[in-house]
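Me: Got a model open here and want to go through it piece by piece. Can you take my questions as they come?

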Amino acid sequence: MECEIEELRKTINKTEAQLRHFIGEDIELLGLKELKQLERQLKTGAERIRSKKKRAVSEHVNLLKSKLSDLQKENARLQNRLHELPDANVSSRIPEPNECDAFHQRR
């Protein structure tokens, strides 16, 4: 049991040292070989992070494109319903899409 506890302490200490190295602390204690290994690990980690970030941004862009498409379809559907109303004066008061864009840009 005591041997197991000692092994866990060593593992914890080693892991804490690695974490300090990853954040740039205590690296003056490392040799060239260890520094190169740390650099490779950090490079690999950064590449994984960039890849995950790229996927997340891409998924978000696709979601926004889908929402835009849905909103455009809904807008066209509502425009058609509005033009079908019996009162012809109502349709003359409907702003065209480019008028809406100009309004939003002025705000």
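This is a predicted model: local features need pLDDT of at least 70, side-chain atom pairs count only at pLDDT 80 or more; totals for chains, interfaces and linings use all residues.

Me: Fine. How many helices and strands are there in the protein?
Reply: The protein has four helices and zero strands. Read from the N terminus, the order of elements is α-α-α-α.

Me: What share of the residues is buried?
Reply: Of the 107 residues in the protein, 6% are buried. Buried here stands for a relative accessible area under 20%.

Me: On to α1. What span should its residues give, and what do the end C-alpha atoms say?
Reply: α1 has 21 residues, and at 1.5 Å a residue they should span 30 Å. The end C-alpha atoms are 30 Å apart, so the two agree.

Me: Which residue has a positive phi although it is not a glycine?
Reply: That is D26, with a phi of about 60°. Most residues other than glycine have a negative phi. D26 sits in the loop between α1 and α2.

Me: Is D26 buried, exposed or partly exposed, and at what relative accessible area?
Reply: D26 is partly exposed, at 28%.

Me: How many salt bridges does the count come to?
Reply: Three salt bridges. Besides the D26 and R20 pair, there is E6 with R9, and R77 with E74.

Me: How far apart are the closest N and O atoms of E6 and R9?
Reply: They are 4.0 Å apart, and the cut-off for a salt bridge is within 4 Å. E6 and R9 both belong to helix α1, residues 2-22, and stand three residues apart, about one turn of the helix. E6 is partly exposed, with 37% relative accessible area.

Me: And R77 with E74, where do they lie?
Reply: Both lie in helix α2, which covers residues 32-83. R77 and E74 are three residues apart, about one turn of the helix. Their closest N and O atoms are 2.6 Å from each other.

Me: How accessible are R77 and E74?
Reply: R77 counts as partly exposed at 37% relative accessibility. E74 is also partly exposed, at 33%.

Me: Which residues line the largest pocket?
Reply: The lining is made of Q18, H21, F22, L30, E34, Q37, L38 and Q41.

Me: Which element gives the most to that lining?
Reply: α2 does, with four residues.

Me: And how does the lining split by class?
Reply: It has three nonpolar, four polar and one charged residues.

Me: Good, that gives me enough to go back to the view with.

Definitions and conventions:
Residues are numbered from 1 along each chain as its sequence is written. Side-chain values use heavy atoms; hydrogens and water are left out. A salt bridge is a side-chain nitrogen of Lys or Arg within 4 Å of a carboxyl oxygen of Asp or Glu. Helices (H or I, at least four residues) and strands (E, at least two) are DSSP runs, numbered from the N terminus. Buried means under 20% relative accessible area, exposed over 50%, partly exposed in between (1.4 Å probe, protein chains only). On a 1 Å grid over the protein atoms alone, a cavity is a set of points where a 1.4 Å probe fits but cannot get out, and a pocket is an open set with protein on both sides within 12 Å along at least five of seven lines; lining residues have an atom within 4 Å of a point. Ala, Val, Leu, Ile, Met, Phe, Trp, Tyr, Cys and Pro count as nonpolar, Asp, Glu, Lys and Arg as charged, and the others, Gly among them, as polar. The expected span of a helix is 1.5 Å times one less than its number of residues.
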